[in-house]
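Please read them with the structure open.

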Amino acid sequence: MNHLFLLQQAHKKHGPAGLLYSIIIVAFLSSCASSSAKTENAGGPPAAVLPVLKVTSIPATTYREYNATVEGKVNVEIRPQVDGYLDKIFVDEGAYVKAGQPLFRINDRTYQEQLSNASALLLAAQANEEKALVEVNRLTPLVQNNVVSDVQLKTANAAYQAAKASVAQAQANVGNARINVGYTLITAPVSGYIGRIPFKTGSLVGRGETQPLTLLSDVNEVYAYFSMSEIDFLKFKNKIAGNTIADKVKQLPAVDLVLPDNSIYAEKGHVETMEGQFDKTMGAVSFRAVFPNGAGLLRSGNTGKVRIPEQLSAALLVPQEATYELQDKVFVFTVGDSNKVASKPITISGKNGAYYFVEKGLQAGESIVYSGLGRLQDGAVITPQPMSMDSLLKVKPL
């Protein structure tokens, strides 16, 4: 009953004497309640019942993952070779095109006129050549019969050679004009997918334009570029067999591409090359993996992770659920004597699915708390509920 209510009722019924009596009763009841609470809490809260499992060592496959960017095997910037207005855009963004397929057409009237002019000059040069040749043929027998001086023949020959040079120059001008006319129709140099097209029909484009007309990507195969830190590179160099880095790269097993939604790309890839030097600013060296992409599911600009497998003959297996992170370190709670728990940092050598592989910090046979870590502190006493790693592996296989 509410103590304030008792006091109010006593004051109404019995006046000051009743009020004093009620205060004494309330004080007595409060003292009893306090003593009862102390008695109940004297033993402390009951020990938490938490699942505990023993760390075991088993053969396993671990993976090292590296952030990667995907690019088409061939990325070609399509740029105009002549200046002019876009008359026609034959393709749309994202379309697949084959090598030789028309992409853009630039207005060619200016270049057709230049071709016509060059062709006319070629005809004139050829006519002059023929005229000079006629003069040489006319003077040759006269010189042989000593009718005219050979100086005239030499002059005629010189004029003929000059006419021939003029023809060659005119032919080159015609060829150059014809090439410019050909440049007005822009075709696909390789098969692939069309990127963004920033220009529209009627836009003025030219060789000085900073933006390309579009980017054409051949993605029948794609490259995934990823970087290893110096520490990871030293591990790679020490663990993989081979006399040279190139030999070691060839010995790497097939790799996976983990997509942004954590699904695994269906096709396996392989690492085929490494950059010649470290990036000083990043302290890392880049590798290139190649993946088949016949279905065209990957495009230039995709991101993901390259996953390199590593076979372990004996690995200490710890469920990720049994760990927590603090200041970039991974910890577990081990169970010791008297069922007291203690936090312990561990070093991770890799992971597979829902499990970590422990390199340092634990020994096979040690017991760790599997779940409920958020309620624990160092020195807390728990009631262990044993569980086996085998049963866990059946529910959450590697």
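1. Among contacts between residues at least 6 apart in sequence, what percentage join residues at least 24 apart? The figure is 74%. Keep in mind throughout that this is a predicted model.

2. Overall composition. The chain has 398 residues, and buried residues make up 33% of them. Its secondary structure comes to six helices and 19 strands. The accessible surface is about 23,800 Å². Carbon and sulfur atoms account for 53% of that surface.

3. Helix 2. This helix covers residues 109-144, 36 residues in total. From first C-alpha to last it reaches 53 Å. That is close to the 52 Å expected at 1.5 Å a residue. Its buried residues are Tyr111, Leu115, Ala118, Leu122, Ala125, Ala132, Val136, Leu139 and Val143. What do they pack against? The partner is helix 3, residues 150-183. After helix 2 comes Asn146, with a positive phi near 60 degrees.

4. Strand 3 and its partners. Strand 3 spans residues 84-89 and is joined to strand 8 by two bridges, running antiparallel. Here Gly84 stands opposite Val205 of strand 8. Strand 3 is also joined to strand 5 (residues 102-106), by three bridges and again antiparallel. On that side Lys88 faces Arg105 of strand 5 across the pairing, standing opposite it.

5. Gly202. Look at the loop between strand 7 (192-194) and strand 8 (204-205), where Gly202 is placed. Is Gly202 buried, exposed or partly exposed? Gly202 is partly exposed, because its relative accessible area is 43%, between the limits of 20% and 50%. Setting aside neighbours within four places in sequence, Gly202 is in contact with Tyr85 and Leu86. The C-alpha atom of Gly202 is 6.1 Å from that of Asp87, a residue 115 places away along the chain.

6. Aromatic pairs. The structure holds ten of them. Take Phe226 and Phe287: the ring centres are 5.5 Å apart and the planes are at 15 degrees, so the pair is stacked. It links distant parts of the chain, with Phe226 in strand 9 (residues 214-229) and Phe287 in strand 12 (residues 284-292), 61 residues apart. Both Phe226 and Phe287 are buried.

7. A second pair. Why does the pair of Tyr265 and Phe291 count as edge-to-face? The centres are 6.3 Å apart and the planes are at 75 degrees, and the class applies because that angle is over 60 degrees. Tyr265 lies in the loop between strand 10 (256-258) and strand 11 (270-274), and Phe291 in strand 12, so the pair ties together parts 26 residues apart in sequence. Tyr265 is buried at a relative accessible area of 8%. Phe291 is buried too, at 0%.

8. Charges over rings. The charged end of Arg288 sits over the ring of Tyr223, 4.2 Å from the ring centre. Arg307 has its charged end over the ring of Tyr63, 3.9 Å from the centre. Both arrangements deserve a look in the viewer.

9. Ser367. This residue lies in strand 18, residues 367-369. Is Ser367 buried or exposed? Ser367 counts as buried because its relative accessibility of 18% is under the 20% limit.

Methods: Residues are numbered from 1 along each chain as its sequence is written. This is a predicted model: local features need pLDDT of at least 70, side-chain atom pairs count only at pLDDT 80 or more; totals for chains, interfaces and linings use all residues. Side-chain values use heavy atoms; hydrogens and water are left out. Helices (H or I, at least four residues) and strands (E, at least two) are DSSP runs, numbered from the N terminus. Buried means under 20% relative accessible area, exposed over 50%, partly exposed in between (1.4 Å probe, protein chains only). Contact means heavy atoms within 4.5 Å. Two strands pair if DSSP finds at least two bridges between them. Rings of Phe, Tyr and Trp (its six-membered ring) pair if their centres lie within 6.5 Å; planes under 30 degrees apart count as stacked, over 60 as edge-to-face and the rest as tilted. A charge sits over a ring if NZ of Lys or CZ of Arg is within 6 Å of the ring centre and within 35 degrees of the ring normal. Accessible areas come from the Shrake-Rupley method with a 1.4 Å probe; for residues, only the protein chains shown count as cover. The expected span of a helix is 1.5 Å times one less than its number of residues.
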